[in-house]
Amino acid sequence: MKRILSILCAIAVTVAICAPAFAGNLVIATDTNFPPFEFKDPDTGKHTGFDVELWDAIAKEIGVEYDLQPMAFKGIVPGLQAGQLDAGIAGMSITEERKQTIDFSDGYYNSGLLIAVPMDSDIKGIKDLDGKVVATKQGTTSEKYLKENAKPENLKLFPNDNAMFMELMTGGVDAVMFDKPVVENFIGKRGQGKVKVTGELYQGQPYGIGFPKGSDLVEKVNAALKSLRENGTYAKIYEKWFGVAPE
């Protein structure tokens, strides 16, 4: 009997060692509203967008199941740090500061910051924001950049980009500074003929997928991204959401 028990224990240990590292569904965080990267489809009520479709393709490539967890952007990095999330894909810029607390995949989209102002504004660039009322999204690289490179009279921070753009449209702020694709998407739709981009592209940087420190997923995801670029899947998703081929 002791020998049988020993054999059974050995089998149990072997199974545990050989079991997949990611048993069960992964929890993947995404922003609640960051079009065209992630947003709720008004027709289906489900989240969709470039990030959402790209992650789905990655998950299929590496053979994992996942649950998408839309949440406030500012909570994603702390969630990764605490081990409550397996990954976060939310138009997250790869920065040295963030790399101190979480790991990143290779960059999957090249972005930067743009300033949006009303059509009749005389703001020409970052220095013209001194003494102005400026809006951006809380917990983002644009908040940090504004605090370090401009001296607005009032920096209004919003939980989502819909609110900050509405503030711009109603005259509550003089300018909005935020990520290039989101600003361009807004101006091309709701802000067309009412809002313009001024100045240059500031702080160009890539977006990456975030992971808890030491996650084994990083290597797998990087390999998947490489494969998706090579087989044309990445380009197909990119063109669907941005209307042009990737650089």
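1. The model under review is predicted. The protein has 247 residues, of which 44% count as buried. Its secondary structure comprises nine helices and 12 strands. The C-alpha trace spans about 85 × 35 × 30 Å along its principal axes.

2. Asp-31 belongs to strand S1, which covers residues 26-31. Its relative accessible area is 0%, so Asp-31 is buried. The side chain of this residue is in polar contact with the side chain of Lys-137, at 2.3 Å.

3. Glu-143 is found in helix H5, made up of residues 141-149. Buried means under 20% relative accessible area; Glu-143 has 12% and is therefore counted as buried. From this position, the side chain of Glu-143 reaches the backbone nitrogen of Gly-139 at 2.7 Å.

4. Asp-120 is placed in a loop, between strand S7 (109-118) and strand S8 (133-137). Exposed means over 50% relative accessible area; because Asp-120 has a relative accessibility of 72%, this residue counts as exposed.

5. Asp-120 also takes part in a negative surface patch, together with Asp-122, Asp-128 and Asp-130.

6. Asp-31 is buried at 0% and Glu-143 is buried at 12%, whereas Asp-120 is exposed at 72%. The side chain of Asp-31 has Lys-137 as a polar contact, that of Glu-143 reaches Gly-139, and Asp-120 is one of the residues forming the negative patch.

Conventions
Residues are numbered from 1 along each chain as its sequence is written. This is a predicted model: local features need pLDDT of at least 70, side-chain atom pairs count only at pLDDT 80 or more; totals for chains, interfaces and linings use all residues. Side-chain values use heavy atoms; hydrogens and water are left out. Patches are made of residues with over 30% relative accessible area and no salt bridge: like charges are joined within 9 Å, nonpolar side chains (Val, Leu, Ile, Met, Phe, Trp, Tyr) within 5 Å. Accessible areas come from the Shrake-Rupley method with a 1.4 Å probe; for residues, only the protein chains shown count as cover. A salt bridge is a side-chain nitrogen of Lys or Arg within 4 Å of a carboxyl oxygen of Asp or Glu. Lys and Arg count as positive and Asp and Glu as negative; His and the chain ends are not counted. The place of a charge is taken as NZ of Lys, CZ of Arg, CG of Asp or CD of Glu. Helices (H or I, at least four residues) and strands (E, at least two) are DSSP runs, numbered from the N terminus. Buried means under 20% relative accessible area, exposed over 50%, partly exposed in between (1.4 Å probe, protein chains only). A polar contact is a pair of N or O atoms within 3.5 Å; within protein, one must be able to donate a hydrogen and the other to accept it, and residues adjacent in sequence count only if both atoms are side-chain atoms.
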